[in-house]
Amino acid sequence: MAVNPMIKDRRSGTRPAGQDKGPRAAVLEQGAKLLQSATPLKGFDVYVVGFHCAKGEPDFQMEAHHYCRVVNDDLLQCVLFDGNTGDANLIGVEYIVSGRLFDGLPDGEKPYWHPHNYELLSGQLAAPGLPAPAEKAFLELLVNSYGKTWHTWHTNGHGGQPGMDLPRGEPKLMWSFNRDGECDDTLRRDRDRAMGLDTDAKRADRRSFLDLVRPQWGVDAMKDDFPRSTPVPGVTDAHAGGPDARA
């Protein structure tokens, strides 16, 4: 399939540890392409890019490129990368469920799932390469949905530290931003500039989502971690003071 020229390259900034691919690995790779099937990977062709922070760690923020398979109207499965080119690093997974499926989860499970309405209303979540009407129609399907996200490789640096050249330590439960002023604006501007995205225009266009949104669990889960943030219309917590789980 040809690369969509409307999608600008977003390369990983981290080179993994290890030597360059040698002839034996290249031969094995070519043989696998001829004789094996990557059937489970087929269908992971819905592409969205947004931002995550580690739950309980407000300064641990990353750009995440999602490649998702639509299982059904209530469930998506996504693999996460730190870029959208062939050398991007696999950094985690995300499962996305509808509000209907989320409501059926036990209360002890719900704190692992972050709400999505702010990501949609703010314009931060984008589906590069889709015409604006198609992008809006697809993202409307995610209104009131939730994501359970684990990052296993932290390739972006934090606190002045370089990104990891290998996945090290424990995976982190990631969270969504739910108020203005939570996502590092330099992180957003850098992505928008590199990929030709206009978050402000998307935000204005998605005001129609306000008629669809309802309060969600987890909106206030990191409220105290971002004391200078400000709420936005339509993004409210359904169970303020509810149970909390941190990785």
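**Close-up 1. The residue that follows helix α5.** Helix α5 is followed by Gly196, whose phi is positive, near 65°. Helices (H or I, at least four residues) and strands (E, at least two) are DSSP runs, numbered from the N terminus. The model is predicted, so that local features need pLDDT of at least 70 and side-chain atom pairs count only at pLDDT 80 or more, whereas totals for chains, interfaces and linings use all residues. Residues are numbered from 1 along each chain as its sequence is written, and side-chain values use heavy atoms, with hydrogens and water left out.

**Close-up 2. The buried side of helix α5.** In α5 (residues 185–195), the buried residues are Leu187, Arg188, Arg191, Asp192 and Met195. Because they cover an arc of only 125° around the axis, they lie on the same side of α5; the arc is that of the directions from the helix axis to the C-beta atoms. Buried means under 20% relative accessible area, exposed over 50%, and partly exposed in between (1.4 Å probe, protein chains only). The elements that cover the buried residues of α5 include β1 (46–54), β2 (57–72) and α6 (199–205), where contact means heavy atoms within 4.5 Å.

Close-up 3. Arg189 forms one with Asp185, their closest N and O atoms being 2.5 Å apart. These two residues are 4 residues apart in α5, about one helical turn. Arg189 is partly exposed at 39% relative accessible area, and Asp185 is partly exposed at 34%. Asp190 forms a salt bridge with Arg193, with 3.6 Å between the closest N and O atoms. Asp190 is partly exposed at 31%, whereas Arg193 is exposed at 60%. A network of salt bridges links Asp185, Arg188, Arg189, Arg191 and Asp192.

**Close-up 4. The salt bridge between Arg168 and Asp165.** The two side chains meet at 2.6 Å, N to O. Arg168 is partly exposed, with a relative accessible area of 43%, and Asp165 is partly exposed at 29%.

**Close-up 5. Strand β6 and its antiparallel partners.** Of the 6 residues of β6 (residues 146–151), 5 are buried. Two strands pair if DSSP finds at least two bridges between them. Strand β4 (residues 90–97) runs antiparallel to β6 and is joined to it by 6 bridges, with Val93 opposite Trp150. Strand β5 (residues 114–115) is also antiparallel to β6, through 2 bridges; here His114 stands opposite Gly147. Another 2 bridges join β6 to the antiparallel strand β7 (residues 172–175), where Lys172 stands opposite His151.

Conventions. A salt bridge is a side-chain nitrogen of Lys or Arg within 4 Å of a carboxyl oxygen of Asp or Glu.
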